[in-house]
Amino acid sequence: MRPPITVPSFSNYSSSSYSSPSCDRRLSTLVRHLLPMDSHGDSVSASPTSAFQADSVFAHVVRAPEDPILGVTVAYNKDPSPVKLNLGVGAYRTEEGKPLVLNVVRRVEEQLVNDRSRNKEYLPIVGLADFNKLSAKLIFGANSPVIQENRVTTVQSLSGTGALRVGGEFLARHYHQRTIYLPQPTWGNHPKIFTLAGLSVKTYRYYAPATRGLDFQGLLEDLGSAPSGSVVLLHACAHNPTGVDPTPEQWEQIRQLIRSKALLPFFDSAYQGFASGSLDADAHSVRIFAADGGELLLAQSYAKNMGMYGERVGALSVVCKSADVASKVESQLKLVIRPMYSSPPIHGASIVAAILKDRDLFHEWTVELKGMADRIITMRQQLLDALRARGTPGDWSHIIKQIGMFTFTGLNAEQVSFMNKEYHIYMTSDGRISMAGLSSKTVPHLADAIHAAVTRVV
Ligand code: LMR
């Protein structure tokens, strides 16, 4: 029980600032607002049962668990071990294990800071116009019919998460089907985002644990039996958490199935350029759907490919059958965004727009992007070599077959927990490791840990 609160007697205040009649009136108004009143409207003194005495009105709130991905970093930060290694969150690190700000981003940021003509006025609800146009061009391709025919509306969003949330809420309000099918497994935030947006979440088979590859047959069967019109979430490339992508031929079959059943594709493109090192190659899946004249939604993020994680820069595009429908859709997206966060932030989007707009800066970006993608591919080979050198039981070739930021190792929750306790390695409990968090220096430590886990923990 907290000690009773003593309500001050205002007669004690003798300072001149409290002595004027108007000040007295203000004080008595304040007292009337703060203190309980009796039936005549006079203040009564605080009793032990007053609101001041009671337990918190939030006393019943139970502590929520940490986020399964971001919580890994929270635990990592508390670990004093000098050998600790964070392979949890998908965030790029240099060979020295440091976060990377791209040179091109730094350069543009300096230019923007020194440009005195810039201001910090609110952006429109849909964000920075240049940024939106250039983002659509980046993912659909400059010559895409959806751009040339103005059939796409693109709005700036709070990174990919924000785009998924706004898109989900738009669908819940305006689309006739409320069910969205997510790959099994998928990024842990997907089900929460869409459920809170008002959609009902179901899954389709995606990953085959036996081959550590794609369950293509299962995928076709599940999407084939989904009710017509259902929304289907597709990872544009570098599937998170598995690193398993369909081949171009498989993508074509998926496209035909989706279109023949009038399912509505919703792409999540969080890794364009980061998977293969080529922006165009990583946009292949989206572009074959955009080229067939059908409709789709697309969430884009610049967190990974431009290293803009904390700036929260992304975009939501809705491709429609006509320019007229697209502009009506945009008007409704504004009604979703305005009461949610009013309008998006200006800084990160200005940096991205400046890079996308300028030939030289764009080229510089693609070189740095390829450097990041290549370093991750090198880490895959080094880890595979290290496990083979140790004679670690099992076939680890999936490490180099999987693509993008993550390897879905196949390690189980007990093995992950063992590696955490004995080797201070931090990763998500589903056995996903962020290859981008690894370096030549830390590969041996990880290989030792995996070797010990698979030989000592069944
Ligand atoms: C991840 O999957 O690690 C990233 O997409 C970061 C996040 O927000 O979960």
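Where is the place of Ala262? Ala262 sits in the loop between α9 and β8, and the views below start with the sheet and come back to that loop. Please keep in mind that this is a predicted model, in which local features need pLDDT of at least 70, side-chain atom pairs count only at pLDDT 80 or more, and totals for chains, interfaces and linings use all residues. Residues are numbered from 1 along each chain as its sequence is written, and side-chain values use heavy atoms, with hydrogens and water left out.

**View 1. An open sheet is built from 7 strands.** The order is β2-β10-β9-β8-β7-β3-β4, with mixed pairing. Because β2 (152-158) and β4 (200-205) stand at the edges with a single partner strand each, one side of each has no neighbour in the sheet. From one strand to the next, the twist averages 25 degrees. Helix α8 (residues 216-224) packs on the sheet and touches β4 and β7 (231-235); the direction of α8 makes about 145 degrees with that of β4. Two strands pair if DSSP finds at least two bridges between them, and contact means heavy atoms within 4.5 Å. Axes are lines fitted to C-alpha atoms, for helices over the stretch in contact, and angles run from 0 to 180 degrees between N-to-C directions.

**View 2. Strand β8 is covered on both faces.** In β8, 6 of 6 residues are buried (under 20% relative accessible area, with exposed over 50% and partly exposed in between, using a 1.4 Å probe and protein chains only). Leu264, Phe266 and Asp268 lie on one side, and Pro265, Phe267 and Ser269 on the other. β8 (residues 264-269) pairs in the parallel sense with β9 (residues 296-301) over 4 bridges, and β7 pairs with β8 in the parallel sense over 5 bridges. Look for Phe266: its bridge partner in β9 is Leu297, while Phe266 is also the bridge partner of Leu233.

**View 3. Helices α3 and α13 cross at roughly 145 degrees.** The axes of α3 (residues 103-114) and α13 come within 8 Å. Asn103, Val104, Arg107 and Val108 of α3 meet Leu361, Glu364, Trp365 and Glu368 of α13.

**View 4. Glu368 is buried and has no salt bridge.** Glu368 belongs to helix α13 (residues 359-389). A salt bridge is a side-chain nitrogen of Lys or Arg within 4 Å of a carboxyl oxygen of Asp or Glu. For Glu368, the nearest side chain of opposite charge is Arg107, 7.1 Å away (Lys and Arg count as positive and Asp and Glu as negative; His and the chain ends are not counted). Leaving out residues up to four places away in sequence, Glu368 touches Leu102, Asn103 and Val104.

View 5. Most residues other than glycine have a negative phi, and most peptide bonds are trans. Ala262 has a positive phi of about 55 degrees and is partly exposed, with a relative accessible area of 44%. A cis peptide bond joins Gln184 and Pro185, with omega about 0 degrees; another joins Asn240 and Pro241, with omega about 20 degrees.

Methods. Helix = DSSP H or I, 4+ residues; strand = E, 2+ residues; numbered from the N terminus.
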